Amino acid sequence: MELKKLKTNFLGKNCIHYKEIDSTQNEIWRLIENKATPSGTVVYADIQTNGKGTHGRIWHTDEANNIAFSFFIEMNCNIKKLEGITLKIAEIIIEIFETKYGIKLDIKEPNDIVYKGKKLGGILTETKVIGEIVKYLAVGIGINTSKEKFSDDIKDCATSIKKEFDVDIVIENFIAEFCNRFENKIMNVQCRHISREN
């Protein structure tokens, strides 16, 4: 799968799409373990049957046309260089929605995207660390873009872009734009010690 609007040097150049998968984040860690794919690989899915949220929670992606993707970067980077990275990722997401779609969202620190107090999305940041050196960074992002059905336990605290703004998001374009901005704003500034070799 090729992300047509991609302008990066490495992030998203290798992109894997699944119609259905247990979790894009689980798949990223499987790829890392098997050394089966290059640094910067993006995995995204239409449906996740067991999506991962923070603190062991499940992120529900049980309808198509919602954003559910993960990526990994191979690094040799002191963990201190990645302080605040989840918030910076959230800021990129907020920026994309405002500049590309005219939608103003908020961040509930450290990792939630919200609108009027209701959760629209979340970020899961995981690392493999040896000593104080980060060897792998794996990031999962889930955003309710078209979701209409919310289970009883979250229906009062969750919402979607479609429900609130009646705007349709092209998933591949959003992912490409995210990769462009992440590589430019974070990888080129915050953590220079990255392995860019396949």
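The model is predicted. Nine salt bridges occur in the structure. Some of them join up: E95, K100, E177, R181 and K185 form a linked network.

**Helix α1**

- Helix α1 spans residues 24–34, and its buried residues are T24, Q25, E27, I28, L31 and I32.
- An α-helix has 3.6 residues a turn, so residues three or four places apart point the same way.
- S23 makes a contact at the start of α1: one of its side-chain oxygens comes within 3.1 Å of the backbone nitrogen of Q25.

- S160 is found in the loop that runs between β8 (133–143) and α3 (161–165).
- Is S160 buried or exposed? S160 counts as buried, because its relative accessibility is 0%.
- A polar atom of the S160 side chain lies 2.9 Å from the backbone oxygen of K147.
- The S160 side chain also reaches the backbone nitrogen of K163, at 3.1 Å.
- Setting aside neighbours within four places in sequence, S160 is in contact with L120, N144, T145, S146, K147 and F150.

**Salt bridges**

- Side chains of opposite charge can pair when their charged atoms come close.
- E95 and K185 form a salt bridge, with their closest N and O atoms 3.5 Å apart.
- E95 belongs to helix α2 (residues 85–101) and K185 to helix α4 (residues 171–187), so this pair ties together parts that are 90 residues apart in sequence.
- E95 is partly exposed, with a relative accessible area of 26%.
- K185 is also partly exposed, at 39% relative accessibility.
- Which residue does R181 meet in a salt bridge? Its partner is E177, at 2.6 Å from N to O.
- R181 and E177 both lie in helix α4, four residues apart, which is about one turn of the helix.
- Both R181 and E177 are buried.
- K162 pairs with D166 in another salt bridge, where the closest N and O atoms are 3.0 Å apart.
- K162 is partly exposed at 25% relative accessibility, while D166 is exposed at 55%.

Definitions and conventions:
Residues numbered from 1 in each chain as written. Predicted model: local features only at pLDDT ≥ 70, side-chain atom pairs only at ≥ 80, totals over all residues. Heavy atoms only, no water. Buried < 20%, exposed > 50% of the residue type's maximum accessible area, 1.4 Å probe, protein only. Helix = DSSP H or I, 4+ residues; strand = E, 2+ residues; numbered from the N terminus. Polar contact = N/O pair within 3.5 Å; in protein donor to acceptor, adjacent residues only side chain to side chain. Contact = heavy atoms within 4.5 Å. Salt bridge = Lys/Arg side-chain N within 4 Å of Asp/Glu carboxyl O.
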